[in-house]
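Here's a walk through one protein model, a stop at a time.

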Amino acid sequence: MNFVKARHWVMVLCTVWVVTSGALADRRSYVWTYEYQTMPKGMAEVEYYLTHKISDWDNYDEKNTWEHAVELEYGLTDHWDIAIYQTWQHTNTESRDWSGYTGSKIRTRYRIGEKGQLPVDILLYAEYILGEGEKDYDKFEGKLILAKDFGRWNLAYNQIYETKVKNGDETEHGYATGLSYEFSPTWKAGIESTGNYTDNKYYLGPTVSWASEKVWVNLGVLAGLNDRSDDVQFRLLIGIPF
């Protein structure tokens, strides 16, 4: 294991240890899939995303990417919230390493009705991405989020539409879906799948969620299901409401 790889894993483990030493908050069950929920009116939350993408596990040093995002979200009403993100990226390749700021995002979500009021709970999601650095293009991303609780089970599906609105007009269609079970108010676990219908990339893997009174932490791992996909993707998600 080279120094860069070891350093990043130490950072991940230290971050998890620090936040989990705190003390249930409104939290997510997944790391790639959105559920039927928004921030309550007047509440705010800071979230940190760490995503690690490995194109070829057997040739890790040829290319691997670390993506960081910090989000601040606020509940405008009990059905409508808004959030801003700042993002960074570090990419290691055989020829060069690149680190830098990759842009900002503005995101809003709106819940239709109340949970259980309709046969399927519906949430609308819209996001505008202001790209910088190696991602010097703007994008719009929309999601139709469908979800349903069955006792302690939750099933969620996101239909994703994404298009470049600057320096190109490429459009992509994808999905994220998850099935989770709540073992206790503290622990949830499940399975997620994501994919890009346009690029024919698909992933599947487990997700675990832990929560206390002051923080929640989710960790997910996805394995690529075909040759066009990355071999592995990891994501750590931390939420601190206030």
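## Starting at Thr 65

Let's begin with who sits around Thr 65: leaving out residues up to four places away in sequence, Thr 65 touches Thr 51, His 52, Lys 53, Gln 89, His 90 and Thr 91. Touching, or contact, here means heavy atoms within 4.5 Å. Thr 65 lies in strand β2, where strands are DSSP runs of E with at least two residues, helices are runs of H or I with at least four residues, and both are numbered from the N terminus. Thr 65 counts as buried because its relative accessibility is 9%; buried means under 20% relative accessible area, exposed means over 50%, and partly exposed is in between (1.4 Å probe, protein chains only). Going by C-alpha atoms, Thr 65 and Ser 99 are 9.8 Å apart in space and 34 residues apart in sequence.

A quick word on the ground rules: this is a predicted model, so local features need pLDDT of at least 70 and side-chain atom pairs count only at pLDDT 80 or more, while totals for chains, interfaces and linings use all residues. Residues are numbered from 1 along each chain as its sequence is written, and side-chain values use heavy atoms, with hydrogens and water left out.

## His 68, also in β2

Strand β2 also holds His 68. Is His 68 buried or exposed? His 68 counts as buried because its relative accessibility is 19%.

The side chain of His 68 makes a polar contact with the side chain of Tyr 48, at 2.8 Å. (A polar contact is a pair of N or O atoms within 3.5 Å; within protein, one must be able to donate a hydrogen and the other to accept it, and residues adjacent in sequence count only if both atoms are side-chain atoms.) Setting aside residues up to four places away in sequence, His 68 touches Tyr 48, Tyr 49, Leu 50, Gln 86, Thr 87 and Trp 88.

## The barrel

The 12 strands close into a barrel in the order β1-β2-β3-β4-β5-β6-β7-β8-β9-β10-β11-β12, with antiparallel pairing. The twist from one strand to the next averages 20°, using axes that are lines fitted to C-alpha atoms (for helices, over the stretch in contact) and angles from 0 to 180 degrees between N-to-C directions. Two strands pair if DSSP finds at least two bridges between them.

Now for some of the pairs. Strand β2 (residues 63-75) runs antiparallel to strand β3 (residues 80-93), with 13 bridges joining them; the bridge partner of Leu 72 in β3 is Ile 84. Four residues separate β2 and β3, which form a hairpin. Strand β3 is also joined to strand β4 (residues 97-112) by 13 bridges, again antiparallel, and here Asn 92 stands opposite Asp 97 in β4. This pair is a hairpin with three residues between β3 and β4. Further along, nine bridges join the antiparallel strands β5 (residues 121-131) and β6 (residues 139-150), and Leu 124 stands opposite Leu 144 in β6.

Of the 242 residues in the protein, 44% are buried. The protein exposes about 12200 Å², with 60% of it supplied by carbon and sulfur atoms (Shrake-Rupley method, 1.4 Å probe; for residues, only the protein chains shown count as cover).

The largest nonpolar core has 19 residues, and those with the most contacts inside it are Tyr 34, Tyr 49, Tyr 85, Leu 123, Tyr 125, Ile 145 and Leu 237. β3, β5, β6, β10 (201-211) and β11 (216-224) each give two or more residues to this core. A second, separate core of 11 residues includes Leu 50, Ile 54, Phe 234 and Ile 238. (A nonpolar core is a set of buried Ala, Val, Leu, Ile, Met, Phe, Trp, Tyr and Cys residues joined through side-chain atoms within 4.5 Å.)

## Two loop residues

Asn 200 is in the loop between β9 (187-196) and β10. Asn 200 isn't a glycine, yet its phi is positive, at about 60°. Asn 200 counts as partly exposed because its relative accessibility is 36%.

Val 215 is in the loop between β10 and β11, and counts as buried because its relative accessibility is 4%. The C-alpha atoms of Val 215 and Arg 27 are separated by 8.4 Å, although the two residues are 188 residues apart along the chain.
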